[in-house]
Structure formats: structure tokens, C-alpha cells
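I have opened a new structure and am keeping notes as I go. Each entry records one thing I looked up.

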Amino acid sequence: MPETEPIAVVLTALPVEYDAVRALLDSLDEVVLDDGTRLEQGRLSGTGWTVALAELGEGALNTAALTTRIVSALTPECLLFVGVAGGLKDDLRLGDVVVGTKVYAVHGGKQTPQGLLARPEVWHGSHRLVQAARSALRDLDGVRAHRKPIACGDVVLADDRSVLRDHIRRTYNDAYAIEMEGSGASHAAHLSGGLDALVVRGISDLADTGKSTADAEGSQELAAGQAAKVALAVLRKHAPRPRNAPGAQEEPRPGTGTGTGTGTGGDTITFQGGTYYGPVVGKITRHN
């Protein structure tokens, strides 16, 4: 596909999550990056997006590393992590979707004789994508969605009376769901220089002892399908940036510059890739 087409990266951890997104895309082709990471690129019908879809496996550390590689290779305009999660609030039902206004890393802290002193880290969902989600969800039938924070830790929580559940309840009280990869994807997006990123999670269990039963009854398939539906509805609202938008780089014409100055006859001042404030002093030398 042409390199100039705008790319949205959609990341998943599990096969059930990957399959749910894949079913909503058209014209898929496999792409293999130099390091062996595999994705599929397809079209989101009715939009200008090429969607690059990857299944990364579980865990925030793995997600951060692979997301960094994917972003570097594809230079996408936006990134979504889509999948399932455990619900943390009493008003949640299986199949509900939580759009992450914030993502918390819940394991940072200092253990003292007085207990664990939390040292929180947080990444906010992209304003553009959160706004697109708010708009998309107003017209999206069959989805019960919540725009709320999400907790992230390298653990599967299946006990609502555990120390970890109590720690999240006290320290991250507004978190609606818990999952394992959102902080890794969000941090990688942040380090890339402000890439628009959003975590979208379907509720497949209530983070309690009923998790295994819910999974066996198909709750992951239900939750993954609802999350995929919401994520692609967000992309339909969040249109690719116009090529002449602020910050977009255009290829210079032969004999012209990409900044301020006259480019006739091969005299070129190139500012591509940088930001300059104030006057620029230079000298033009004529060559006969």
C-alpha cells in the first residue's frame, strides 16, 4: 500500500481480541517488519484509514517494546489498544465497554512497615480520540459504554477480596476496569512524541472468583466484539489529518526550499524536521 496513506495502529494481546477487530476490516495483507513482528494491514470501509492490526501477547513490558518498534516502522497517526478487561465497579455488566480516559500503572510504590506507599503513574487518553469516542458512542446502538479510567498491572485479578483489589479501591478509586497492557502501549505512544493513543476494553469478567465461569460461557468473545465495535467507531469519527494540516510535511519541489527563503536557482534553506522561533540569519552565495 502507498506509504502516504494514513495509518491507524490497533493492538491486541489475545487471539480473541485480534479476531474481533480483524472481522471488521477489509482487504487484509500481511506485513512483516524487519525484526519479524507480524501485522495485517487492511481498510476500514467508508474511511481514509489503513488499519495495521497486531497481536502482541500479554504484559505491559512486552507491549511497550513491540509498540515502540511498530510505531517506529509505520509512523501511524494514532494508536488504539483494544481488548478485554475485568470490571471493578458494581454498575458494570459483562459486555460493557470502558474507554480509557486515563490509564494507571498500579504496581509502583514503596513498601514500608506502615504499608505500601503508592507512587502512581498515569497516562491520559488522547483528547482527540476521547472526544471522538464521546461523539461515536452517542449514535452507536447495542453498546453500553463508560468513559472512565483503567487500571493496569501485570496480574490477572480473579479475587474481589484480595489485597490488590483493596489497594486499587483505595488508591485508584475511579478506575473502572483492570487489564495488563494499556500502560505499556500508552507509555510507548508518549515516548514517540505525542502520538494520539487510546485504550478500549470490553468487560469479560468482574475481577472476582467467577472469572473462569464467565470465560467458559463466552464472555471474552462478547467483550472483545463490543470493544472492537467501539474502537472502529472511534476511527470513523477521528478522520485522518489533511495533508496540508499544521505539522504535515510536504515533499519539496525541485529547486525550492521547505522553509522561509527563496529557492530559485538551487538556493535552498531547509527547515524540515525542526521548529524555529524568532529570526533566522543566513547568507546566500551565488555560484556561477
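Entry 1: I began on the outside of helix α4, where V163 and R170 are exposed. Exposed means over 50% relative accessible area, buried under 20%, and partly exposed in between, with a 1.4 Å probe and protein chains only. Helices (H or I, at least four residues) and strands (E, at least two) are DSSP runs numbered from the N terminus.

Before going on, I noted the ground rules. This is a predicted model, in which local features need pLDDT of at least 70 and side-chain atom pairs count only at pLDDT 80 or more, while totals for chains, interfaces and linings use all residues. Residues are numbered from 1 along each chain as its sequence is written, and side-chain values use heavy atoms, with hydrogens and water left out.

Then I turned α4 over. The helix covers residues 163–171, and its buried residues are L164, R165, H167 and I168. Viewed down the axis of α4, these buried residues fall within an arc of 160 degrees, so they line one face of the helix. The arc is taken from the directions from the helix axis to the C-beta atoms.

What do the buried residues of α4 pack against? I found strands β5 (78–87), β8 (115–118), β10 (145–152) and β11 (177–179). Contact here means heavy atoms within 4.5 Å.

**Entry 2: I168.** I168 counts as buried because its relative accessibility is 2%. Leaving out residues up to four places away in sequence, I168 touches L88, V106, A151, N173 and I178. I also checked Y104: it is 64 residues from I168 in sequence, and the two are 9.9 Å apart in space, C-alpha to C-alpha.

**Entry 3: helix α5.** Next I looked at residues 182–191, helix α5, which is mostly covered, with seven of its 10 residues buried. The buried ones are G182, S183, G184, A185, S186, A188 and A189. H187 and A65 are 122 residues apart in sequence, yet 10.0 Å apart in space, C-alpha to C-alpha. After α5 comes G193, with a positive phi near 110 degrees.

**Entry 4: cysteines.** How many disulfides are there? I counted zero, taking a disulfide as a pair of cysteine sulfur atoms within 2.5 Å. I looked at two cysteines anyway. C78 counts as buried because its relative accessibility is 0%. C152 counts as buried too, at 3%.

**Entry 5: a pocket.** I looked up the second largest pocket, which has a volume of about 280 Å³. It has 20 lining residues, and V84, V156, E179, M180 and K211 lie nearest its centre. Strands β5, β11 and β12 (196–205) each supply at least two residues of the lining. I sorted the lining by class and got 10 nonpolar, three polar and seven charged residues.

A pocket, on a 1 Å grid over the protein atoms alone, is an open set of points where a 1.4 Å probe fits, with protein on both sides within 12 Å along at least five of seven lines; lining residues have an atom within 4 Å of a point.

**Entry 6: the whole protein.** Last, I took the totals. I found seven helices and 12 strands. Of the 288 residues, 47% count as buried. Among contacts between residues at least 6 apart in sequence, 75% join residues at least 24 apart.

Conventions
Grid points are joined across faces, edges and corners, and a volume is the space filled by probe spheres set on the points. Ala, Val, Leu, Ile, Met, Phe, Trp, Tyr, Cys and Pro count as nonpolar, Asp, Glu, Lys and Arg as charged, and the others, Gly among them, as polar.
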